[in-house]
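Please consult the sequence and the structure below alongside the text.

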Amino acid sequence: MDLLQRLRRGLGATRSLLGERFSATGWVITPETLEEALLAADVGIEAAETVARQFDDARRRGKVAPGGEMAWLRSEVEALLTVAGSGARRGKPHVVLVVGVNGSGKTTTAAKLAGRAKAEGRVAMLVAADTFRAAAVEQLQVWGARLEVPVVAQRPGADPGAVVFDALQAALARGVDDVIIDTAGRLHTKHNLMAELEKVRKVCARAVPGAPHEVLLVLDATSGTNGLAQVREFGARSGVTGVALTKLDGTAKGGVVLAVARELGVPVRWVGIGEGSDDLLPFAPDVFAAALLEALA
Ligand SMILES: Nc1nc2c(ncn2[C@@H]2O[C@H](COP(=O)(O)OP(=O)(O)OP(=O)(O)O)[C@@H](O)[C@H]2O)c(=O)[nH]1
Ligand SMILES: [Mg+2]
């Protein structure tokens, strides 16, 4: 299956919801019905209002052909999803710090990223900086064994900064290409834990100049726009450079991608569409817009 097909399947629940909303209006798309449908898919108030306003404007200016509403919407969604300045920095080793609240899918996403790097012929390393729970280290080790990617870990309770520093030294010595650091889940409101994350970031920079090259916030799509506060707080405290939106396969709130792009200006880099190692897709605005809206009727 190609990217578009897999993403379309992952977005199945969101697609059905939009399809139902539009068909309930007999596919008579007005700014109001459009805004309502988009809000139901959790694109957020700002993005929904923007799209409705633009639609009204485009219609008045004769820019929307009769029956061409969905094609118009698709290009509008694509434009909204294209966040300026979203180019990722690369490093050697390329260091990705994976952060987020509890249970959002960090460990799974870290493993998927390592699996991807390996499949693309790069030397990957996973780092167990979630030293808080013993089971967390084991979970990452299970993934490492399955993917045949080395996992650097210390005993539970070890200082995450020390784990990261040692791992990066090892990565430099071994010529590793991609280092993916899994961290403990933390609420963005817990100041001591956010401070710990800042420390880990500084440790990265001390070990490898320019690192971390990516601070990837893992956001559970099932929490929809309720998750936006997390992005704001993590962004302010730990310099998030990109978002991985997980569990899109289990929710009709796939529209949250628009809210993240529109209201926060942080690019979505990846979307998770399942629990398997290859269920992580790179995010591309055109493919996402097509997967969400193409052939919806
Ligand atoms: N369906 C689906 N499940 C996912 C996806 N990503 C992660 N999960 C599941 O979500 C659950 C939590 O994932 P973890 O990776 O352990 O989450 P975490 O953020 O590391 O959790 P903590 O370390 O406890 O904070 C697991 O059961 C994963 O299999 C996804 O894209 N789709
Ligand atoms: Mg975890």
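In this predicted model, the domain assignment divides the chain into domain 1, residues 3-81, and domain 2, residues 94-284. The centres of the two domains, taken over C-alpha atoms, are separated by 31 Å.

**Contact between the domains**

- Domain 1 contributes 19 residues to the contact, and domain 2 contributes 19 residues.
- On the side of domain 1 that touches domain 2, two or more residues each come from α1 (3-10), α2 (12-24), α4 (45-60) and α5 (69-81).
- Helix α1 supplies the largest share of that side, with four residues.
- Sorted by class, the side of domain 1 that touches domain 2 holds twelve nonpolar, four polar and three charged residues.

**Helix α10**

- Helix α10 spans residues 228-238, and its buried residues are Gln-230, Val-231, Phe-234 and Ser-238.
- The exposed residues Ala-229 and Ala-236 are carried on the face of α10 that is turned away from its buried side.
- The packing partners of the buried residues of α10 are the strands β1 (94-99), β5 (214-220) and β6 (242-246), together with the helices α9 (191-207) and α11 (256-264).
- Following α10 is Gly-239, which has a positive phi near 60 degrees.

How values were computed
Residues are numbered from 1 along each chain as its sequence is written. Chains are lettered from A and ligands numbered from 1 in the order in which they are written. This is a predicted model: local features need pLDDT of at least 70, side-chain atom pairs count only at pLDDT 80 or more; totals for chains, interfaces and linings use all residues. A residue is buried if 20 or more other C-beta atoms lie within 10 Å of its own, exposed if 12 or fewer, and partly exposed in between; C-beta atoms are placed from the backbone. Two residues are in contact if their C-beta atoms, placed from the backbone, lie within 7 Å. Domain bounds come from an automatic or database domain assignment. Ala, Val, Leu, Ile, Met, Phe, Trp, Tyr, Cys and Pro count as nonpolar, Asp, Glu, Lys and Arg as charged, and the others, Gly among them, as polar.
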